[in-house]
Amino acid sequence: MNRRKFITTGCIACTGLGFLSTVIQSCAAVKYSTGVLNENGILIDVKDFETKNGVRNYVIVRHDDLQFPICVYKIDEINYSALLMRCTHQGAELQVAGDQLTCPAHGSEFDKWGKVTQSPAAENLRSFPVSIAGNQLFIDLRKKV
Ligand code: FES
């Protein structure tokens, strides 16, 4: 193998490894919780926001009895934002990308409080009150914020 081919092959391999590492880290960063559903809402563990190195920004709650997942953002130590991941434009399931939720159908975007930041959606996301009960968060599904 000549020097040029060695360098080219090595660069491609390193780039591929870097990309793979990024993909694995981003997948590992997303935390899913099923929570515990009762007649009024759903409970999740506050520890779901903890990581080995600190705190994660959000947890996605997926439960078989919920039609859409709920994204719970940690705003600060006592404030959380719980958002139904259903686009208000035509009802597609949203994807979470850091501090925003994006719609794969037509490109609407929402911030971590559920406010529309990019049309075509015109209405903010449905959000639910969140209260802290010991080591758990209670997401009240009876009320909209
Ligand atoms: S359904 Fe989300 S932008 Fe159309």
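Good morning, colleagues. The structure before you is a predicted model.

Let me begin with the sheet. Four strands form an open sheet, and their order is β2-β3-β13-β12, with antiparallel pairing. Which strands stand at the edges? They are β2 and β12, the latter covering residues 130–133. Each of these has a single partner strand, so one side of each is left without a neighbour in the sheet.

Moving through the sheet from β2, we find that this strand comprises residues 36–37 and is joined to β3 by two bridges, the two running antiparallel.

G41 stands opposite D140 of β13, and L43 has F138 of β13 as its bridge partner.

I turn now to the interior. In soluble globular proteins, nonpolar side chains tend to be buried together. In this model the largest nonpolar core has 15 residues, and those with the most contacts inside it are F49, V61, I70, V72 and I139. Which elements give two or more residues to this core? They are β3 (41–45), β4 (58–61), β5 (70–74), β6 (80–84) and β13 (136–140). The largest share, three residues, comes from β6.

V61 deserves a separate word. Leaving aside neighbours within four places in sequence, V61 is in contact with S33, T34, I42, I44, P69, I70, V72 and I139.

Finally, the charged side chains. How many salt bridges does a search of the whole structure find? The number is four, and I shall discuss three of them.

In one, E93 pairs with R62, with the closest N and O atoms 2.9 Å apart. This pair links distant parts of the chain: E93 lies in the loop between β6 and β7 (95–97), R62 lies in the loop between β4 and β5, and the separation is 31 residues. E93 is partly exposed, at a relative accessible area of 31%, and R62 is likewise partly exposed, at 39%.

Another salt bridge is formed by the side chains of E77 and K74, at 3.7 Å from N to O. Are these two residues buried or exposed? E77 is exposed, with a relative accessible area of 59%, whereas K74 is buried, with a value of 15%.

The remaining example returns us to the sheet. D140, which stands opposite G41, forms a salt bridge with R142, the closest N and O atoms being 2.8 Å apart. D140 counts as buried, since its relative accessibility is 6%, and the cut-off for that class is under 20%.

Methods:
Residues numbered from 1 in each chain as written. Predicted model: local features only at pLDDT ≥ 70, side-chain atom pairs only at ≥ 80, totals over all residues. Heavy atoms only, no water. Core = buried A, V, L, I, M, F, W, Y, C linked by side-chain atoms within 4.5 Å. Buried < 20%, exposed > 50% of the residue type's maximum accessible area, 1.4 Å probe, protein only. Contact = heavy atoms within 4.5 Å. Pairing = 2+ DSSP bridges.
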